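This briefing reviews a structure by topic, from its charged pairs to its sheets. Please consult the sequence and the 3D view alongside the text.

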Amino acid sequence: MVERVTTASDPTDAVLSESALSVHGVCDYVVNVATGCRHGCAFCYVPSTPPVRARKDMICAESGVESPRSDWGSYVLYRDDLPERLDAHLDRKRTWHETERGRGIVGVSFSTDPYMDDRAAGIATDVIRVLADHEKYVRVLTRNPTRALRDLETFVDAGEYVTVGTSIPSLNAEAVRALEPHAPAPASRLDALRSFAEAGVQVYALASPTYPDQDRAALRRLLERIATVDPAVVFHEPFNVRSARMSATRSHARDCGDRDLADAFDRLSGTDAWIEYALEHSRQVLELGADLSLPIHLCPHWQLTRAADGAVRKWFEAWRERQPPESFAGRPLSDDAPLSTPDFERR
Ligand code: SF4
């Protein structure tokens with residue numbers, strides 16, 4: 001069988017990068033085990049980011065693809081020696097960047113999936129071991145927690161230093177397959193996360209990005225299923241229609257024959273419709289989360305915040321200032337008062 005994905009080694013010497021994800025309380029650093037991701041999610045923002053855009057010539061030369069952005073999902077350049085380089089880097093490092101919201105946490109990996117396959121998993125698990133040995137807190141994010149589960153012992157050994165999470169945008173497996181064509185099904189992600197939780201590993205979830213055709217009942221079913229793994233926090237984010245990958249997202253939805261989803265994406269083309277959907281989903285996720293005793297943290301994208309105005313803009317901005325209600329990395333549970341949600345009409 002011909003391999004769908006071209007693989008090679010990544011010649012980068014990057015080890016540990018400071019991260020803007022601190023604004024959402026996710027982490028202060030990221031470590032990426034590879035460039036490229038075999039899951040090839042249609043909406044993925046990574047191919048539009050500087051680490052991919054600025055390294056276009058290298059990626060094309062190493063992988064043979066013509067466009068790192070259009071060919072996203074068809075190449076992976078692995079950083080096989082990353083664990084050794086990270087270990088040496090941490091031995092030498094004398095200062096540690098720790099913001100109030102990011103808590104010095106290291107995200108593994110947010111520009112690729114660290115458990116997308118065995119080669120990436122081998123690197124990721126060694127990276128977790130190195131970070132935990134240096135007493136650094138690690139937030140692992142993967143759409144393939146089933147593969148990560150094979151290295152459960154490392155997670156258990158890392159104890160309080162690690163939390164593992166997965167994205168569950170919808171329980172509609174067909175729709176998820178349309179937009180995340182090579183990632184495992186949502187049910188298997190949840191099953192694996194539950195196994196982590198049962199082994200005593202702290203878990204979290206991302207209800208993200210929630211699809212515009214999900215009504216309140218669908219969001220409730222999604223959160224009810226997520227609640228079964230008892231996550232320390234559930235991050236929520238709606239789609240960013242200003243993303244450069246939005247047209248690819250629309251065509252994936254249309255190509256898979258899901259007319260409802262494709263039509264729902266088409267209806268989001270105007271700014272008002274986008275903000276109305278984002279606000280409505282955010283509000284419902286918060287209400288349902290309260291109903292289900294789920295700790296919810298909203299992560300509105302800066303482009304969404306900037307597109308809104310009035311009370312809605314202030315509300316999204318306020319969420320970018322808040323602590324996630326997650327006890328991890330020495331962070332006490334937030335005692336922030338709840339924010340009242342504005343009506344779309346009053347913005
Ligand atoms: S798993 Fe994450 S990094 Fe990989 S394609 Fe999907 S969204 Fe992008």
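How many salt bridges does the structure hold? The structure holds 23 salt bridges, a salt bridge being a side-chain nitrogen of Lys or Arg within 4 Å of a carboxyl oxygen of Asp or Glu. This is a predicted model, in which local features need pLDDT of at least 70 and side-chain atom pairs count only at pLDDT 80 or more, while totals for chains, interfaces and linings use all residues. Residues are numbered from 1 along each chain as its sequence is written, and side-chain values use heavy atoms, with hydrogens and water left out.

**Salt bridges**

- Arginine 79 forms a salt bridge with aspartate 10, with 3.0 Å between the closest N and O atoms.
- Arginine 79 lies in the loop between strand E5 (75-78) and helix H3 (82-92), and aspartate 10 in the loop between strand E1 (6-9) and strand E2 (17-18), so this pair ties together parts that are 69 residues apart in sequence. Helices (H or I, at least four residues) and strands (E, at least two) are DSSP runs, numbered from the N terminus.
- Both partners are buried: arginine 79 has 9% relative accessibility, and aspartate 10 has 7%. Buried means under 20% relative accessible area, exposed over 50%, and partly exposed in between (1.4 Å probe, protein chains only).
- A salt bridge also links arginine 85 to aspartate 81, the closest N and O atoms being 3.1 Å apart; aspartate 81 is partly exposed, at 40% relative accessibility.
- Aspartate 266 and arginine 250 form a salt bridge in which the closest N and O atoms are 3.7 Å apart.
- Since aspartate 266 belongs to helix H11 (residues 259-267) and arginine 250 to helix H10 (residues 246-255), the pair ties together parts that are 16 residues apart in sequence.
- Aspartate 266 is partly exposed, with a relative accessible area of 34%, and arginine 250 is partly exposed as well, with 23%.

**Nonpolar core**

- The largest nonpolar core has 104 residues, and those with the most contacts inside it are Phe155, Leu223 and Ile226. Such a core is a set of buried Ala, Val, Leu, Ile, Met, Phe, Trp, Tyr and Cys residues joined through side-chain atoms within 4.5 Å.
- Helix H4 (residues 118-133) supplies the largest share of this core, nine residues.
- Leaving aside residues up to four places away in sequence, phenylalanine 155 touches Tyr115, Ile128, Val140, Ala148, Val162, Val164, Phe196 and Val201, where contact means heavy atoms within 4.5 Å.

- Cys37, His39, Gly40, Cys41, Cys44, Trp72, Thr112 and Arg143 surround the ligand, each having a heavy atom within 4 Å of it.
- By class, this shell has four nonpolar, three polar and one charged residues. Ala, Val, Leu, Ile, Met, Phe, Trp, Tyr, Cys and Pro count as nonpolar, Asp, Glu, Lys and Arg as charged, and the others, Gly among them, as polar.
- Arginine 245 sits in the loop between E10 and H10 and is buried, with a relative accessible area of 9%.
- Among the residues that arginine 245 touches are Cys41, Cys44, Arg69 and Trp72.
- Arginine 245 and arginine 69 are 176 residues apart in sequence, and their C-alpha atoms are 9.0 Å apart in space.

**Sheets**

- Three strands form an open sheet of mixed pairing in the order E1-E5-E4; its edge strands, E1 and strand E4 (34-35), each pair on one side only. Two strands pair if DSSP finds at least two bridges between them.
- E1 and E5 pair in the parallel sense over four bridges, and alanine 8 stands opposite leucine 77 in E5.
- Another open sheet, of eight strands with mixed pairing, has the order E2-E3-E6-E7-E8-E9-E10-E11. E2 and strand E11 (296-298) are its edge strands, each pairing on one side only.
- Strand E10 (residues 234-238) is largely enclosed by the rest of the structure, because four of its five residues are buried.
- Strand E9 (residues 202-210) runs parallel to E10 and is joined to it by four bridges; alanine 207 has histidine 236 in E10 as its bridge partner.
- E10 and E11 pair in the parallel sense over three bridges, with isoleucine 296 in E11 as the bridge partner of valine 234.
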